[in-house]
Amino acid sequence: MNPYIQYMYSYPHKTAYGPLTGIKLKDYAGFLSGEGHGLYLHIPFCQTKCGYCNLFSVAGQGEAAVDRYLDAVERQSVQYAAVLSAVGAGFSQFVIGGGTPLALTERQLVRVFEMAEHCFSFSKDRTIAVETAPNQTTREKLAILKQAGVSRISMGIQSFSDRELGVLRRHHTADKAREALELLKSFAFACVNVDFIYGIPGQTKESLLASLEEAMEFGPEEVFLYPLYVRQGVSLKQEGVVTDWEAAYGQYRTASAFLQEKGYRQDSMRRFVKQGGSRDFSECGLGNSLGLGCGGRSYLGRLHFCTPYAVNAKECLVRLEQYESTEDYTDIAHGILLSQEELKRRYLIRHLLIFPGVDADRYQEQFHGDVLQDFPILQDWLDGGYLQYKKQGERTYLEPTQLGLGLSDYLGPQLISPMVRQAMEDWESTEPGADRK
């Protein structure tokens, strides 16, 4: 059995989306009424494209190109704000992802925060999260983030071994990562999260543990562990790099045990939180959020939408040009309308493989059915030791066991519906040089 089939970070994947007609943002804006929603801004620019990256991002774009993009984001924000004002939308979370958001200049970073403040309403206790990379982490840019109230910084380190970084085609050194982490900690952000990759060709359990041991010296609030997926359309695939999944699974188990021994609570296959840290996964399958930018995804009830997905540089640039030339961003032209069955699957996938798991009583209240009757495969997973029942107060949860957590990328894909799977396969057969993530 291969433990690594697909990372189910959301459902359905963007590759299952298609053309939509006759749908306007105003028709679904009511899902954003009141407080407590999420706002996401996608910055699709990087210094270089990493060897394993199949995200929507482009490299080598100058300051003028980024300014054109931000002009388009501002037009989109103004149009969205005009619609949302009628429903009193309030956001409690603002996430800036990429790409590499700190690839922006200091002037552009300031503009992003001013734009968001001008166009959208935020709660006083809002959280702001930003992704970065070592080469783009400077004192001047971190000062801007601190002034803007950023509470969470996520940095992709991937390894403290220069040899392993070279294999990944990362363009920072281990020393640069150390320097960037020292700088981050000096600003005392509420949460610093660091990412590492395992399954790198030539990597051993010992070298992975050496990287994690070094990370412990900086005391990050969270650590994320990612297996090395090498998909179509990325340079490592073209070079013939193949991940040894048996070795990778062994590295995962070793790293998981190490982090838990160091006082980190494992909340999912990937996420490890320093004891006492927040557990913020509740109702993540039902919440509503708004995406900005080319690649920013929105979830409004049963409507999910974004610009068409792309991976390779040529297609990404085409999508960027289409996004920047859009006249009416409130006309929703690409996405998916989920059926009740797909909403059930989304809720299950978004809760089952993270702690505290699926609230079986809440599922009954929301979908008027028993989760085991709706998804008989879950009984097989209970019998196989992948899941277990646990009582918390008056509630009953179906949660992953330690074994189940480690097999999340094997179990999760089994919950994809035939319709969504077919749509994903159709996309893969037509999109140049890309694959699902």
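A charge counts as sitting over a ring if NZ of Lys or CZ of Arg is within 6 Å of the ring centre and within 35 degrees of the ring normal. The legends below concern a predicted model, in which local features need pLDDT of at least 70 and side-chain atom pairs count only at pLDDT 80 or more, while totals for chains, interfaces and linings use all residues. Residues are numbered from 1 along each chain as its sequence is written, and side-chain values use heavy atoms, with hydrogens and water left out.

**View A. Arginine charges over the rings of Tyr-299 and Phe-122.** Arg-346 lies over the face of Tyr-299, 4.5 Å from the ring centre. The charged end of Arg-126 sits over the ring of Phe-122, at 4.9 Å from its centre.

**View B. The edge-to-face pair Phe-91 and Phe-120.** The whole structure holds 24 aromatic pairs (rings of Phe, Tyr and Trp, the last by its six-membered ring, with centres within 6.5 Å; planes under 30 degrees apart are stacked, over 60 edge-to-face, the rest tilted). In this pair the ring centres are 5.8 Å apart and the planes stand at 90°, so Phe-91 and Phe-120 are edge-to-face. Phe-91 belongs to strand 5 (residues 89-98), and Phe-120 to the loop between helix 2 (106-119) and strand 6 (122-132); the two are 29 residues apart and link distant parts of the chain. Helices (H or I, at least four residues) and strands (E, at least two) are DSSP runs, numbered from the N terminus. Phe-91 is buried at 1% relative accessibility, and Phe-120 is buried at 7% (buried is under 20% relative accessible area, exposed over 50%, partly exposed in between; 1.4 Å probe, protein chains only).

**View C. The stacked pair Phe-224 and Tyr-226.** The centres lie 6.1 Å apart with planes at 15°, so the pair is stacked. Phe-224 is buried, at 13% relative accessible area, whereas Tyr-226 is partly exposed, at 23%.

**View D. An aromatic cluster.** One cluster is formed by Tyr-4, Tyr-198, Tyr-229, Trp-245, Tyr-249 and Tyr-252.

**View E. The second largest pocket.** The space in this pocket is about 340 Å³ (a pocket is an open set of points on a 1 Å grid over the protein atoms alone where a 1.4 Å probe fits, with protein on both sides within 12 Å along at least five of seven lines; lining residues have an atom within 4 Å of a point). Grid points are joined across faces, edges and corners, and the volume is the space filled by probe spheres set on them. Of the 19 lining residues, Cys-306, Thr-307, Thr-326, Asp-331 and Ala-333 lie nearest the centre. Helix 1 (63-84), helix 9 (313-324) and strand 15 (331-337) each give two or more residues to the lining, with the largest share, four residues, from strand 15.
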